[in-house]
Amino acid sequence: MIPVSAFLVLSTLLFFLGVFGFVTRRNLVAMLISVELVLNAADMNFAVFNRILFPGQMEGMFFTLFSIGISAAETAVALAIIINVYRNYHSDQVNSIENMKF
Amino acid sequence: MEYSYSFLILLLPFLSFLVLGLCGMKMKEKVAFGIGTTVLGVLWCLSLYTAYEYFFAVGRDAAGLYPTVTAFNLTWLDFGKAPLFGTELIFNIGFRLTPISVMMLVVITTVSFMVHIYSLGYMAERDEEYRVEGYEKGFQRFYAFLSLFTMSMLGLVVATNIFQMYLFWELVGVCSYLLIGFYYPKHAAVHASKKAFIVTRFADLFFLIGILFYSYYVGTFNFDLNADPTIANRLPMAVNILPVALFLMFIGGAGKSAMFPLHIWLPDAMEGPTPVSALIHAATMVVAGVFQVASLMPIWLKYAPNTLHYVAYIAAFTAFYAAAVACTQRDIKRGLAFSTISQIAYMLVALGVCSAVEGEGSVGYMASMFHLFTHAMFKALLFLCSGAIIVIIGSNFKDYMGGLHKYMPITNWCFFFACLCISGIPPFSGFFSKDEIVAACFHFSPFLGWFMTLVSGMTAFYMFRLYYVIFWGKSYYEADPENRRKPQEVPAIMWGPLVFLCIVGCLCGLIPFGHFVSLDGHAEDIAIQTFAIWTWPSVAWVSIVVAIIGIGLATWMYKSGENPVPDMLKRRMPKLHEAALQRFYIDDAWQFFTHKIVFGLFSKPIAWFDRRVIDGTFNFLAWGTQTAGETIRPWQSGDVRQYAAWFITGTVALTLVLLCIL
């Protein structure tokens with residue numbers, strides 16, 4: 001059996017990859033993908049803890065599915081926004097929309 | 001209820017002010033004139049009707065006195081029970097009729113009505129042939145201010161309490177300021193209006209302090225201390241403070257009535273249009289101080305009879321001083337202004353010599369009010385005459401006049417009769433009122449009587465000097481008829497009011513004034529009118545002789561136009577002449593006092609403290625906030641990735657710290 005720590009190491013790696021991508025990338029789509037990585041790390045933890053700690057129950061699994069659904073919807077919204085930004089600013093770089101600060 | 005129309009007397013001029021002030025600029029000048037003058041005409045009729053009703057139709061009550069009627073008395077501000085004050089603190093505004101306030105209603109509306117009519121002629125712009133070309137800029141504003149002034153002055157004289165009087169007193173001061181500064185592009189007018197406002201405001205500060213003392217210790221703002229029984233309990237405590245309070249109030253009155261040394265604003269106030277000088281600075285507003293002292297006279301006599309005599313001394317000195325200065329002035333309006341100061345001083349002398357002595361002690365009160373009445377008429381007339389001359393000549397200075405009697409016959413006669421009135425020649429009005437004052441002074445002390453007789457001789461001298469240099473002597477026009485404008489008589493819209501005031505001014509001395517206004521309310525005969533003191537050597541004869549000497553001297557010195565005697569006197573006593581011309585340097589003394597002492601010793605350190613310490617504190621606070629903001633602002637970059645980086649770094653750091661501790 002694969003030890004729990006292996007899953008946790010994987011999810012931690014995924015999480016920090018996501019954060020790293022979010023912080024370093026300037027492309028809006030790349031940032032969105034990075035955020036998805038962070039979410040996936042969390043989903044994986046849910047699934048793993050449910051499978052190992054409470055094998056007879058399914059709440060963790062359902063929650064994971066629920067979270068995936070939510071993130072799909074959220075991705076749709078984010079993509080719509082990104083398309084609008086691209087149409088208005090002719091750029092997909094995050095620092096191109098700085099003037100929305102003021 | 002009686003006098004139920006009386007609210008109109010205050011409301012109508014106020015409405016007229018609002019209409020003319022708000023929509024005046026959209027009206028034609030004639031319409032504005034029509035509105036203002038119609039309202040004043042109605043007011044005049046209402047005042048005359050009130051006087052008729054008060055003195056004749058209703059008349060004396062059972063005790064043989066003219067009752068004090070309060071037509072209405074509205075609560076303006078109600079502070080309820082005031083802990084400091086001890087009693088209820090309520091400010092009322094109302095309408096109170098006493099013999100003197102009814103008399104003032106008639107005086108104010110008569111003069112104001114005449115001035116309203118006259119101003120249509122005065123405020124016109126004329127071409128070389130004196131044809132009306134148009135009206136001066138701000139003509140409608142002028143009428144709006146006149147209405148406001150009339151309203152405030154009427155509110156002052158019908159005040160039911162001292163606080164209402166103070167309120168309208170200040171309003172009157174504002175109107176005076178606005179009208180003196182009417183020609184605001186002119187520097188002199190702006191300076192004069194500021195001077196008038198600041199000097200009278202300074203004096204009003206004492207009035208306010210006096211009111212506070214009075215109301216704090218007595219517990220009421222009313223003029224009548226006997227009305228309320230609760231006041232009687234407080235009076236024993238108040239008797240020591242009452243003389244101080246009354247004298248402080250008198251200082252306020254001295255500011256408005258231009259008593260030495262607060263007289264400096266009045267001669268400069270002549271920068272305003274001449275009808276304003278006639279209405280405000282000769283006939284009505286400047287007697288506010290006299291009216292105030294007269295209104296409080298019962299309290300003065302009962303609680304501060306000795307302090308009252310200081311009023312007489314101050315006023316007597318002012319009368320002499322102003323008469324001396326008036327003898328040298330080259331600007332005819334300034335000459336008249338000093339004569340106004342002198343005459344108002346006469347009224348205050350008469351009030352100041354009043355005493356509680358039965359009979360002779362009360363002569364002064366009646367004489368003062370009588371002189372106020374007659375003086376208002378003939379001094380308004382003198383000013384309106386001088387306005388007529390200024391319209392024709394285009395200057396205030398006597399050098400451009402001379403020999404006008406040929407060209408302006410009506411103005412000439414009106415001015416002549418007014419001079420006779422003020423000089424005290426029988427049977428003109430000034431004789432009766434002024435000699436009654438002199439008689440009251442003789443009752444008080446022979447020295448003061450002789451002193452005031454001397455001043456009345458000076459009055460005759462300077463008035464006739466003015467008359468001769470304007471209407472006789474060398475004509476400025478005839479010296480160079482080719483290049484100079486030929487003077488002519490003013491139009492009827494201007495000489496009409498002159499003639500009316502002349503008739504009233506000459507005849508009003510025959511009114512048995514003592515039957516209407518007297519200190520104790522009972523009818524009192526004017527000694528001179530009943531020929532009781534005509535036996536030689538009486539006051540009347542002495543003052544007639546003195547007046548004739550004054551007139552004779554003026555005739556001898558100024559009639560010919562050569563002026564050898566005055567020139568010789570000027571050469572002999574250059575210092576005295578210069579000093580009199582410069583008003584004995586009182587203005588300079590005030591200038592020194594305000595600039596060197598007040599500004600130098602008090603204002604400058606206070607200004608330094610304000611700028612460095614108070615402003616510095618707030619500037620530091622503002623600077624600190626701004627600097628902090630500038631420092632923090634870059635942290636709020638709005639860059640999501642940066643926030644995320646900080647957030648993650650912080651979380652990791654916190655986790656490591658917690659791990660280390662636990």
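Visitor: What percentage of the 662 residues in chain B do buried residues make up?

Guide: This is a predicted model, in which local features need pLDDT of at least 70 and side-chain atom pairs count only at pLDDT 80 or more, while totals for chains, interfaces and linings use all residues. Residues are numbered from 1 along each chain as its sequence is written, and chains are lettered from A and ligands numbered from 1 in the order in which they are written. A residue counts as buried if 20 or more other C-beta atoms, placed from the backbone, lie within 10 Å of its own, as exposed if 12 or fewer do, and as partly exposed in between. Of the 662 residues in chain B, the buried share is 48%.

Visitor: How many helices and strands does the secondary structure of chain B come to?

Guide: Helices (H or I, at least four residues) and strands (E, at least two) are DSSP runs, numbered from the N terminus. Counted in that way, the secondary structure of chain B comes to 25 helices and four strands.

Visitor: Why is helix 16 of chain B largely enclosed by the rest of the structure, and how many of its residues are buried?

Guide: Helix 16 spans residues 409-423 of chain B and reaches 21 Å from its first C-alpha to its last, close to the 21 Å expected at 1.5 Å a residue, where the expected span is 1.5 Å times one less than the number of residues. The buried residues of this helix include B:F415, B:A418 and B:C421, and the cover over its buried residues includes helix 14 (332-352) and helix 20 of chain B. Helix 16 is largely enclosed because, of its 15 residues, the number buried is 11.

Visitor: Why does B:G505 count as buried, and how many C-beta neighbours does it have inside 10 Å?

Guide: The contacts of B:G505, not counting residues up to four places away in sequence, include B:M377, B:F378 and B:S429. The C-alpha atom of B:G505 is separated by 8.4 Å from that of B:A376, although the two are 129 residues apart along the chain. B:G505 counts as buried because its C-beta neighbours inside 10 Å number 27.

Notes:
Two residues are in contact if their C-beta atoms, placed from the backbone, lie within 7 Å.
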